[in-house]
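Thanks for coming, everyone. Let me put the model up and walk you through it.

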Amino acid sequence: QVQLVESGGGCVQAGGSLRLSCGASGSIFSINAMGWYRQAPGKQRELVASITSGGSTDYADSVKGRFTISRDNAKNMVYLQMNSLKPDDTAVYYCNANVRSSINVDREYWGQGTQVTVSS
């Protein structure tokens, strides 16, 4: 089994910054793509940023230039640096990972979510 644990959420004023972290542990052979999703009340879940095992990244248009996703493969960690935060960034942020287990099974896992609140 694989567990994703997130940290770094909180409350910040508009224009501020937060850094989210997510660590994967358990029966991991390797991790393919990792990503951050978010969901605000009454809205659909959306992909914020993703990163492949090779380091290729993709971002939602709404966060380009403000957010940076990165990963540390040796530590099975993924990060989301969020700068110039806006009230519209307020949401629960979820870590996602496609994991190849030690028994050679690929599965998708999710973190528990961390609340990010940006005040105006």
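**Strands, salt bridges and a pocket**

Start in S8, where Met-77 is the bridge partner of Gly-23. Before I go on, some ground rules. This is a predicted model, where local features need pLDDT of at least 70, side-chain atom pairs count only at pLDDT 80 or more, and totals for chains, interfaces and linings use all residues. Residues are numbered from 1 along each chain as its sequence is written, and side-chain values use heavy atoms, with hydrogens and water left out.

Now, the strands. Strands are DSSP runs of E, at least two residues, numbered from the N terminus. Two of them pair if DSSP finds at least two bridges between them.

Strand S3, residues 18-26, runs antiparallel to strand S8, residues 77-82, and six bridges join them. Another bridge partner in S8 is Met-82, which goes with Leu-18.

S8 also runs antiparallel to strand S7, residues 67-72, again through six bridges. There, Ser-70 has Tyr-79 of S8 as its bridge partner. Four residues sit between the strands in this S7 and S8 hairpin, and Asn-76 takes a positive phi near 55 degrees.

What is the order of the strands in the open sheet? It is S1-S3-S8-S7, four strands with antiparallel pairing. Strand S1, residues 2-7, and S7 stand at the edges with a single partner strand each, so one side of each has no neighbour in the sheet. From one strand to the next, the twist averages 15 degrees. That angle is taken between N-to-C directions, on a scale from 0 to 180 degrees, with axes as lines fitted to C-alpha atoms.

Next, another hairpin. Strand S9, residues 91-101, pairs with strand S10, residues 106-110, in the antiparallel sense over five bridges. Asn-98 stands opposite Glu-108 in S10. Four residues lie between these strands too, and Asn-104 in this hairpin has a positive phi near 65 degrees.

On to charges. The structure holds five salt bridges, each a side-chain nitrogen of Lys or Arg within 4 Å of a carboxyl oxygen of Asp or Glu. One of them links Arg-38 and Asp-89, with the closest N and O atoms 3.0 Å apart. Arg-38 is in strand S4, residues 28-39, and Asp-89 is in the loop between S8 and S9, so the pair ties together parts 51 residues apart in sequence.

Are these two buried or exposed? Arg-38 is buried, at 5% relative accessible area. Asp-89 is buried as well, at 2%. Buried means under 20%, exposed over 50%, and partly exposed in between, with a 1.4 Å probe and protein chains only.

Asp-89 also meets Arg-66 in a salt bridge, 2.8 Å from N to O. Arg-66 lies in the loop between strand S6, residues 57-59, and S7, so this pair ties together parts 23 residues apart in sequence. Arg-66 counts as buried, at 11%. Shared partners join Arg-38, Glu-46, Arg-66 and Asp-89 into one network.

Lys-64 and Asp-61 form a salt bridge too, at 3.1 Å between the closest N and O atoms. Here Lys-64 is partly exposed, at 49%, and Asp-61 is exposed, at 65%.

Last, the largest pocket. A pocket here is an open set of points on a 1 Å grid over the protein atoms alone, where a 1.4 Å probe fits, with protein on both sides within 12 Å along at least five of seven lines; lining residues have an atom within 4 Å of a point. Its lining has 14 residues, and Arg-38, Lys-43, Glu-46, Asp-88 and Asp-89 lie nearest the centre.
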